[in-house]
Amino acid sequence: MEDSANHPVEVNTYHCICTTLVLAIPYKLDSLPARAAPAQDQSAILPLTAKTDANTESRLQNITEDRKHLVVRREDGFEKRTILRCNRCHLVIGYKLAEDSSDANVAYILPGGLVTTDDMQKGNTPPTPAWATEKA
């Protein structure tokens, strides 16, 4: 992929720990800001519609959104979330806030459920995160 000045644009790809491609972004996932307190999940804040100077946007792929919202109790009140899951293994990858939120064009990616394409090809896949095996 190239930008308007014919400079190559690096697209970073991330897979669920089951190897399904779920994310393609023009920056590194670990460079994104994390949610601040009172949120305690340290999820990365992923803008979904903002385009970079290279006119490349973030793409979530092979993701299913839960039909029912999850209501999470927080220190400052409640938060209604739409859970994002891998289409193949149904691992929770992240979430979006309810449609009436000002953050509707943002996804929150939970730490530990994704692996870079390079790491996956090298066989360096992380273990399933503890939060992914907990029963609700």
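How many disulfides does a search of the whole structure find? The search finds zero, where a disulfide is a pair of cysteine sulfur atoms within 2.5 Å. Cysteine 16 is in no disulfide, and the nearest cysteine sulfur, that of cysteine 89, is 3.5 Å away. That distance is too far for a bond. Cysteine 16 is buried, with a relative accessible area of 0%, whereas cysteine 89 is partly exposed at 35%. Buried here means under 20% relative accessible area, exposed over 50%, and partly exposed in between (1.4 Å probe, protein chains only).

This is a predicted model, in which local features need pLDDT of at least 70 and side-chain atom pairs count only at pLDDT 80 or more, while totals for chains, interfaces and linings use all residues. Residues are numbered from 1 along each chain as its sequence is written, and side-chain values use heavy atoms, with hydrogens and water left out.

Cysteine 16 also belongs to the largest nonpolar core, which has 20 residues. A nonpolar core is a set of buried Ala, Val, Leu, Ile, Met, Phe, Trp, Tyr and Cys residues joined through side-chain atoms within 4.5 Å. The members that touch the most others are Cys16, Leu23, Leu29, Leu46, Ile109 and Leu114. Two or more residues each come from strands S1 (12–16), S2 (21–25), S3 (44–47), S7 (77–86) and S9 (106–109); strands (E, at least two residues) and helices (H or I, at least four) are DSSP runs, numbered from the N terminus. S2 gives the largest share, three residues. Apart from neighbours within four places in sequence, leucine 23 is in contact (heavy atoms within 4.5 Å) with Asn12, Thr13, Tyr14, Leu29, Leu46, Arg59, Leu60 and Leu114. A second, separate core has seven residues, including Ile83, Leu97, Val106 and Leu110.

The strands can be taken next. S4, S2, S1 and S10, in that order, form an open sheet with antiparallel pairing; two strands pair if DSSP finds at least two bridges between them. S4 (59–60) and S10 (114–116) are the edge strands, each pairing on one side only. Three bridges join S1 and S10 in the antiparallel sense, and tyrosine 14 has threonine 116 in S10 as its bridge partner.

S3 pairs with S9, again antiparallel, over four bridges. Isoleucine 45 stands opposite tyrosine 108 in S9.

The whole structure holds one aromatic pair, formed by tyrosine 95 and tyrosine 108, with 5.2 Å centre to centre and 25° between the planes, hence stacked. Rings of Phe, Tyr and Trp (its six-membered ring) pair if their centres lie within 6.5 Å; planes under 30 degrees apart count as stacked, over 60 as edge-to-face and the rest as tilted. Tyrosine 95 lies in strand S8 (residues 92–97) and tyrosine 108 in S9, 13 residues apart. Both tyrosines are buried.

Arginine 35, in the loop between S2 and S3, counts as buried at 11% relative accessibility. Its side chain makes a polar contact of 2.9 Å with that of tyrosine 95. A polar contact is a pair of N or O atoms within 3.5 Å; within protein, one must be able to donate a hydrogen and the other to accept it, and residues adjacent in sequence count only if both atoms are side-chain atoms. Beyond four places in sequence, arginine 35 has contacts that include Asp41, Glu79, Tyr95 and Tyr108.
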